[in-house]
Amino acid sequence: MKLNRLNSLACVALLLAVAAADMAGAERQDREKKTKIYLQKENERLISIIDSLQNTLDRYRNEALADSLAEEMLEVYEENEDKSAAGLNPEDYTPEVTDSLLSIWYLHKQTSCIESPVYDMDTVRFESNVPDEVYINRLKAMNSFITLPYNDIVKQYIILYSEKMAPAMPKILGLCRWYMPIFEEIFTAHDVPEELKAMAVIESAMNPTAVSRAGAKGMWQFMYSTAKLYGLQIDSFVDERLDPVKSAHAAAEYLKDSYRIFGDWNLAIASYNCGAGNVNRAIRRSGGKRNFWDIYPYLPRETRGYVPAFVGALYTMTYYKEHGIEPEAIEMPAVVDTFHISKMLHFKQVEALAGVPEQELKNLNPQYRHGIIPGNERDCILRIPYNYTNAFIDHEDSLYTYKADEYFNPVTIKKIKDGGDGERIVYRVRSGDVLGKIAIRYRVSVRQIKRWNNLRSDNIRVGQRLVIYRGGNAPVSVASSSGSKAQASHKSSVDMNAEYTIYVVKSGDSLYNIAKNYPGVSAQNIMDFNGISSRIKPGMKIRIPKL
């Protein structure tokens, strides 16, 4: 009996132990379940925090990148402070030299150089039979990603391009038919508004080999430093600023970066003309406003018209038919083939064996400065009309050896390499600079810098401006002021003892118009010979060299 009771108690104890174990297991499972839920929630919370931190980090990285980019762009601008991103000095915006406002039109070899009427857009008032409502509705109908404003200033530029530029616009529009599809594809690839393609019209009149007096080159008018910043190759053989395709890629990137800095496409467009520095100054002077028309009064005079000119050019490219303009047929190949060149190749070799006219090769490959493709130094491309493709392939093996000793004479090649690229820059002396340091940077000699700037000693001061021809390949004679108050006299490339004619400047004269009356003489020749800038006044006596 007693044994049975003990057994019963043992069973109860066992059952209680089992029950306790079950309860403990249940509690443990419950705790584990709660812990799992807690951990899941905690994990979600931590992920949310990490995502937030990552977003914040990305934002600061982008801001830092923009600040870094802005600093680099401004530094490039500082090096060429007297020049715009498009390539002109403020004083260069005179009727005889400005290419931004289409006063002089440089076109392809097969087109003649056209002079359009020169207007002072600050004072001129055009009249048109087109009502304002029509202009407004047409601009709206363009559905542009970039804001296209309309006011009295914009109206003047619309009339300028659509009516007053009648002699030039047919040729410009003819070239647009060839180049604009290329630019649209490039700008789309860079995720920038394709409307920006119109800037090529106001920059260079669609001429790939346009060169401003300040040294900006190509269809997109890049200065040397800006071009290098955006990856364009420039050396003694190649200047990719003259390559319409590669320079368009660089222009798209420049405009995208400007937009990231200023947050407005019209300000980015203005920056392309006068540089980021001038736009920043205008923003500060306006009290921090970031709308083009708010900072308009504080921009350089020539830049005030740049955005209106952009609207006028884009409008005319869209509505030229409504104004009775017919694009001129421009002889450009319908289809072009591209070859990768890995050896030295001369245009004359291609012409002799493949039959491609040298001028066509120059038109399609303007980046090769001497007609030589330096394929042995880097990967280069050659564009030829499609109808010559088979002939090129058939003779490709013998192309490179044909008269190679003549075309690639070591003396000739050395002369080209030693000449440098000859890019003219205006360098502003900084703290710690000495002539030797500057000379090494630009691959010139101290003696050359002193000669170009009429310096009698090696002493230079902070803020002083020095004219330098990168690589030493300068014109035979250089006129410059070195940033001092006194304009130094000098010997010209045409010797001062050479024969000349005295001309008395009349009201309305410009050096360009004067030079036209003397065959073989350019405005630059007159400036060099007289040691003057492009600014002339009535009554001023200048010497015209007899070339």
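## Cysteines

Buried means under 20% relative accessible area, with a 1.4 Å probe and protein chains only.

## Basis of the values

The model is predicted: local features need pLDDT of at least 70, side-chain atom pairs count only at pLDDT 80 or more, and totals for chains, interfaces and linings use all residues. Residues are numbered from 1 along each chain as its sequence is written, and side-chain values use heavy atoms, leaving out hydrogens and water.

## Strand 6

Strand 6 covers residues 380-385, and six of its six residues are buried, so the strand is largely enclosed by the rest of the structure. Strands are DSSP runs of E with at least two residues, helices are runs of H or I with at least four, and both are numbered from the N terminus. C380, L382 and I384 point one way from strand 6, while I381, R383 and P385 point the other way.

Strand 3 (residues 336-341) runs antiparallel to strand 6, joined to it by six bridges; pairing requires at least two DSSP bridges. F339 has L382 of strand 6 as its bridge partner.

## Helices 2 and 12

Residues Y135, R138, L139 and A141 of helix 2 meet V311, Y315 and Y319 of helix 12, where contact means heavy atoms within 4.5 Å.

Methods: Buried means under 20% relative accessible area, exposed over 50%, partly exposed in between (1.4 Å probe, protein chains only).
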